Amino acid sequence: MTRLRHRPALDVRVEIRGELPREDAEYARARAQDTAAELLPDAHGLRLRLTRVRDRAVTRPVLAQADVRLDDLGPVRVQLATGTAREAVDLVLGTLAGRAVRLREQGDIGLAAVHESAYRPQYADRPLALRRIARHKAVVLARRTPGQAARELLALDRCFHLFLDAGTGRDGLVHRCPLTGAVRLWSADGAAVPALDLAEAARRLWLTGRPFVCHTDPGDGRVRVLYRRYDGHYGLITPVADGGCGAGIPSARD
C-alpha cells in the first residue's frame, strides 16, 4: 500500500502595529497564506509585519516587512512603505515571492532594485542636535566570499552587508548603489575606506545625506559602519573577534 506523505502547512505569522481597520488585517492574513502556498514546498516560517506610522509628515505611513526561510537560499526579506495597508501587503508579498524566484534563477534581483527604491521607508526628520547612536551592535563577522556576501545582501534586502573575506581574511563590505541597485565591494585594505573617529563619521553622514558611512576604526583598523536609522537616529556596527560580544549577520535594515 502506498502512503501519501503530506508536509505540514507553512507557519504563517502576521503582526499588526498601530491602528489598522480589521478588514485590512484580515486581508493581510489571507494574502500571506496565499503567498506561503506559492513558496512551498521548500519554504519555512513566513512572517508579515505591518506598522502604521502616526507622523503626518510621512507620505508613505504604512511600513510592511515580510521574510521567509527557503531551503536553497536561506532567509529572504523585504521591507517597503506605501500609503495604504492593502497596497503595502500586495507590494511586499509580491516582491518577496519575486525576489525568491530571481535569486534562484539568476542569482540577482536585476532591475527590480530600481523599482523597489521608490517604496523605501522614509527617514524621520529629527533635528541634528537630538540625534544619537541609538543602537550599537558588536558582531563576529561571518566568513564569506564577496559573491556569497552579495547574495546575502540582496536576499536580506539590505543597503550594506559586512563580512570577513574568505580569501583574504580581511574585513569587507558589499553595498547597493541607491540609484541603480548595482552591488559594489569595499575592502579594509583599499584606499577608499578612510580611518575616522565617530564624530567625523557622523559629520560626513550628515553632510552627504547618504544612508551610511563605511570607515575603519583608528584604534584597531577594523571596518565599522555608522548608518542612518529610519527613526532619525544613528546605528553603529563594529566587528569583534571570536568570543567577543555578539554574533550573526551584520547588516543594516533600519
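**The rings and their surroundings**

Modeller: Phe160 and Phe212 are both buried. Keep in mind that the model is a predicted one. These two phenylalanines belong to a cluster, together with Trp186 and Tyr227, whose members are linked by ring pairs.

A search of the whole structure gives 4 aromatic pairs. One of them joins Tyr123 and Tyr230, with the ring centres 5.0 Å apart and an angle of 35 degrees between the planes, which makes the pair tilted. Tyr123 is in the loop between α3 (112-116) and β5 (133-139), and Tyr230 is in the loop between β11 (223-228) and β12 (234-239), so this pair ties together parts 107 residues apart in sequence. Tyr123 has a relative accessible area of 30%, so Tyr123 is partly exposed. Tyr230, at 22%, is partly exposed as well.

Now take the pair formed by Phe160 and Phe212: the centres are 5.0 Å apart, the planes are 50 degrees apart, and the pair is tilted. Phe160 belongs to strand β7 (residues 160-165) and Phe212 to strand β10 (residues 212-216), 52 residues apart, and the pair links these distant parts of the chain.

Some rings also have a charge over them. The charged end of Arg228 sits over the ring of Tyr123, at 3.9 Å from the ring centre. Elsewhere, Arg86 lies over the face of Tyr27, 4.7 Å from the centre of that ring.

Next, consider the strands. β10, which holds Phe212, is part of an open sheet of 4 strands in the order β5-β12-β11-β10, and the pairing in this sheet is mixed. β5 and β10 are the edge strands, each pairing on one side only. From one strand to the next, the twist averages 15 degrees. Within the sheet, β5 and β12 are paired in the parallel sense over 6 bridges. Helix α5 (residues 198-208) lies across β5, β10, β11 and β12, and runs at about 45 degrees to β11.

The largest nonpolar core has 33 residues, and the members that touch the most others are Leu46, Leu50, Val68 and Leu93. Two or more residues of this core come from each of α1 (22-39), β2 (43-52), β3 (62-70), β4 (74-82), α2 (85-105) and α4 (146-155). α2 gives the largest share, 10 residues.

Beyond residues up to four places away in sequence, Leu46 touches several others, among them Leu10, Val12, Ala32, Leu39, Val68, Leu93 and Leu96.

Helix α2 also contains Ala85. With a relative accessibility of 6%, Ala85 counts as buried. Apart from neighbours within four places in sequence, Ala85 is in contact with Leu20, Asp24 and Val62. Asp24 is 61 residues away from Ala85 along the chain, but their C-alpha atoms are separated by 6.5 Å.

Asp157 lies in the loop between α4 and β7 and counts as buried, at 6% relative accessibility. Most residues other than glycine have a negative phi. Asp157 instead has a positive phi, near 60 degrees.

Finally, here is the chain as a whole. The chain has 5 helices and 12 strands, and 43% of its 254 residues are buried. Of the contacts with a separation of 6 or more, 53% are between residues 24 or more positions apart.

Conventions:
Residues are numbered from 1 along each chain as its sequence is written. This is a predicted model: local features need pLDDT of at least 70, side-chain atom pairs count only at pLDDT 80 or more; totals for chains, interfaces and linings use all residues. Side-chain values use heavy atoms; hydrogens and water are left out. A nonpolar core is a set of buried Ala, Val, Leu, Ile, Met, Phe, Trp, Tyr and Cys residues joined through side-chain atoms within 4.5 Å. Buried means under 20% relative accessible area, exposed over 50%, partly exposed in between (1.4 Å probe, protein chains only). Contact means heavy atoms within 4.5 Å. Rings of Phe, Tyr and Trp (its six-membered ring) pair if their centres lie within 6.5 Å; planes under 30 degrees apart count as stacked, over 60 as edge-to-face and the rest as tilted. A charge sits over a ring if NZ of Lys or CZ of Arg is within 6 Å of the ring centre and within 35 degrees of the ring normal. Two strands pair if DSSP finds at least two bridges between them. Axes are lines fitted to C-alpha atoms, for helices over the stretch in contact, and angles run from 0 to 180 degrees between N-to-C directions.
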